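Trainee: Could you walk me through how to read helix packing and local backbone features in a model like this one?

Mentor: Gladly; let's look at it together.

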Amino acid sequence: MMGAAARHHVLCCAASTALGHGLNRCCETLGPRRWMRDVMGTPWYSWRIGSLHQAFVFPPLLLLSLRAWFATHDGALSDWLHSSWASNAGSPAHAAFHYAFFGYLMKDMFVKMSAVFYAHHVLCLVLTVMSIAEVPNPCSAVYVLMVTNLEAGSMALSVHRQFPASAATSWFSLVVMTFSNVFGASFAIWYGLYFRFGSLAGRWSLTVIGVVLMYMRQEVELKRWHEVHVLKRPLKDRTL
């Protein structure tokens, strides 16, 4: 039988998914035709909704989660990063972050995307559930911080994809994505060195994966910037 906590998580994730799907349908049926134009295989409106989540939903929820935890606990940021789901029970924002991110991912599963993006979203959904369930270790705070950081970089790239003719958005993407990747790699190394839960081999396996992923993200971003500012290739010829 599913416990009360598990039912609550399922209902909140389902509600967030329904809200995201409803937002899609509103954009498709009520929005102007230009919202449906194709941007790298996905409707333009989906990019816009995503960037708004990345800028105005996830960072505030992170800050509210931190504020609530430090209001009831003595300790440093490191102590929050090691906190359990139960110790964040006084922070609705901590749970809301997970539910909002779950719905944000599920929203995209109902629109046209590339196979790579579908695979990416499925992996992120699994990791979100693992964070909620604290499997294999309590690391929901680590997850909230890392997701916010990675989504900030993705937001900057998304803004440029929405406005590809703007040199300002191209530089914005380069600067924010680079910061996101440097922070992500540094945080992955901190995780391997100092995170208190899990085996040494397990932690460093995740550290290596994290650093490699940050390198790959940065390589893609530098390639994009080179194509825009050095090769000056038209948008239709650009590839990620």
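Trainee: In which hand of crossing, left-handed or right-handed, does H3 pass H7?

Mentor: A crossing is left-handed if the near helix is turned anticlockwise from the far one by less than a right angle, and right-handed if clockwise. Here H3 passes H7 in a left-handed crossing. Before we go on, this is a predicted model, where local features need pLDDT of at least 70, side-chain atom pairs count only at pLDDT 80 or more, and totals for chains, interfaces and linings use all residues. Residues are numbered from 1 along each chain as its sequence is written, and side-chain values use heavy atoms, with hydrogens and water left out.

Trainee: At what angle do the axes of H3 and H7 cross?

Mentor: Axes are lines fitted to C-alpha atoms, for helices over the stretch in contact, and angles run from 0 to 180 degrees between N-to-C directions. Helices (H or I, at least four residues) and strands (E, at least two) are DSSP runs, numbered from the N terminus. For H3 (residues 58-72) and H7 (residues 140-162), the axes cross at roughly 155° and come within 10 Å. Angles under 35 degrees count as roughly parallel, over 145 as roughly antiparallel, 65 to 115 as roughly perpendicular and the rest as oblique. H3 and H7 are therefore roughly antiparallel to each other.

Trainee: Which residues of H3 and H7 meet?

Mentor: Contact means heavy atoms within 4.5 Å. Phe58, Pro59 and Leu62 of H3 meet Val144, Leu145, Thr148 and Glu151 of H7. For classes, Ala, Val, Leu, Ile, Met, Phe, Trp, Tyr, Cys and Pro count as nonpolar, Asp, Glu, Lys and Arg as charged, and the others, Gly among them, as polar. The contact of H3 with H7 has five nonpolar residues, one polar and one charged.

Trainee: How do the axes of H2 and H5 cross, and within what distance do they come?

Mentor: They come within 11 Å and cross at roughly 170°, which makes H2 roughly antiparallel to H5. On the H2 side, Ser46, Ile49, Gly50, His53 and Gln54 meet Tyr104, Lys107 and Asp108 of H5. By class, the contact of H2 with H5 divides into two nonpolar, four polar and two charged residues.

Trainee: How many residues of H5 are buried?

Mentor: Buried means under 20% relative accessible area, exposed over 50%, and partly exposed in between (1.4 Å probe, protein chains only). In H5, 15 of the 17 residues are buried, so this helix is largely enclosed by the rest of the structure.

Trainee: Now the loops: where does Met40 lie?

Mentor: Met40 lies in the loop between E1 and strand E2 (42-43). Its phi is near 55°, a positive value in a residue other than glycine, and Met40 is partly exposed at a relative accessible area of 36%. Glu134, in the loop between H6 and H7, also has a positive phi, of about 55°, although it is not a glycine. At 24% relative accessibility, Glu134 is partly exposed.

Trainee: Which residues does a cis peptide bond join?

Mentor: Val135 and Pro136, with omega about 0°. Pro136 lies in the loop between helix H6 (115-133) and H7.
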